[in-house]
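Trainee: Could you go through this one with me, a piece at a time?
Mentor: Gladly; have a look at it first, and then ask away.

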Amino acid sequence: MSEPALSALLKEDFVTRTDDFPDAVIARIAGLLDEFHTGDHLTLSELSTRTGLPRSSAHRLLSQLAEYGWVSKRGKAYALGRTPLEWGALARKHDRLHRAANPVLHELHSATGLVVHLAVLDGGDVRYVDKVGRGPLALPSRIGGRQPAHRTALGKALLAHTRFDVVRPAPGGVPTVENLLPRNEIARIRERHIAHEREESTPGAACVAAPIGNGRTYVAALSVTGPVNTVDTVGLATPVRLAARAVWRALSPNESQHASGPASQRTSA
């Protein structure tokens, strides 16, 4: 459930029942969802009895959970909806990526002394999956956080290898790779498999990133970040590229370097 969707659900139940507190509402939602762990279809009466919730409260919460895809209703029975299944699949993919990349990120951090990031493309943003190391700069990155892709080296590395239709429409316009990045920058990144960023997302910081993939499919990107006076964009290109290749090999141990593999969000050159 998105943050706005969850907020709306909590607010409505809180306003409707003034003696409720948000943590109590969350407990009720969790209790309802837990009842579906066996995969059964359950009626409102069964859910009310199992959770101890009044039928009216259970019905109100189930109706809103259904609206946001967390449960589905078939006749008089409820079942898990598509949303938790999609989140579960996404979590498994990200967990596999994290397990494959984390040792490489630590090695890259030890070799460079710089902060190392791992991120995936999420629409027009990058979402941070892992972060290793600390530096003198206060970086806005955090695991699970997002940044506009075109303002980060990680995002540029992925955008340059992305189909134009992967970037989701935004209010006020339809962003494409070409209007997020200049064509000459896209061409340079595709040729070198390296992207740079200098004080575009954080004052005083520079970054070097490489996409993780096999030449056709790219699943994520990794980067090194530090103060502009310590980041050697030329010297760091090779170790960053090699680290990205190492992650891809760990993700696809039974495939050649040019075989396709799993993706948290697949992109194509």
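Trainee: What is the bridge partner of H196 in strand 8?
Mentor: In strand 8 the bridge partner of H196 is V208, and please keep in mind throughout that this is a predicted model.

Trainee: And how many bridges join strand 7 to strand 8?
Mentor: Four bridges join strand 7 to strand 8, the latter covering residues 205-213, and the two strands run antiparallel. They form a hairpin with six residues between them, and within that turn E199 has a positive phi of about 60°.

Trainee: Which face of strand 7 is covered?
Mentor: In strand 7, residues 195-198, the covered face carries A195 and E197, whereas H196 and R198 belong to the uncovered one. As background, side chains in a regular strand alternate between the two faces of the sheet.

Trainee: Moving on, where does N214 sit?
Mentor: N214 is found in the loop between strand 8 and strand 9, the latter being 217-227.

Trainee: Is N214 buried or exposed?
Mentor: N214 has a relative accessible area of 5%, and because anything under 20% counts as buried, N214 is classed as buried.

Trainee: Which backbone nitrogens lie by a polar atom of its side chain, I mean that of N214?
Mentor: The backbone nitrogen of R216 lies 2.9 Å from a polar atom of the N214 side chain, and the backbone nitrogen of T217 lies 2.8 Å from a polar atom of that side chain.

Trainee: New topic: in what order do the three strands of the open sheet come?
Mentor: The order is 1-3-2, with antiparallel pairing. Strand 1 (42-43) and strand 2 (71-74) are the edge strands, each of them pairing on one side only. Strand 1 pairs with strand 3, residues 77-80, over two bridges in the antiparallel sense, and the partner of L42 in strand 3 is Y78.

Trainee: Last one, the helices: at what angle do helix 3 and helix 4 cross?
Mentor: The axes of helix 3 (residues 44-51) and helix 4 (residues 55-67) cross at roughly 115° and come within 9 Å. Since 65 to 115 degrees counts as roughly perpendicular, helix 3 is described as roughly perpendicular to helix 4.

Trainee: Is that crossing of helix 3 and helix 4 left-handed or right-handed?
Mentor: The crossing of helix 3 and helix 4 is right-handed.

Trainee: And which residues meet there, between helix 3 and helix 4?
Mentor: From helix 3, L44, S45, L47 and S48 meet R55, A58, H59 and L62 of helix 4.

Key
Residues are numbered from 1 along each chain as its sequence is written. This is a predicted model: local features need pLDDT of at least 70, side-chain atom pairs count only at pLDDT 80 or more; totals for chains, interfaces and linings use all residues. Side-chain values use heavy atoms; hydrogens and water are left out. Buried means under 20% relative accessible area, exposed over 50%, partly exposed in between (1.4 Å probe, protein chains only). Two strands pair if DSSP finds at least two bridges between them. A polar contact is a pair of N or O atoms within 3.5 Å; within protein, one must be able to donate a hydrogen and the other to accept it, and residues adjacent in sequence count only if both atoms are side-chain atoms. Axes are lines fitted to C-alpha atoms, for helices over the stretch in contact, and angles run from 0 to 180 degrees between N-to-C directions. Angles under 35 degrees count as roughly parallel, over 145 as roughly antiparallel, 65 to 115 as roughly perpendicular and the rest as oblique. A crossing is left-handed if the near helix is turned anticlockwise from the far one by less than a right angle, and right-handed if clockwise. Contact means heavy atoms within 4.5 Å.
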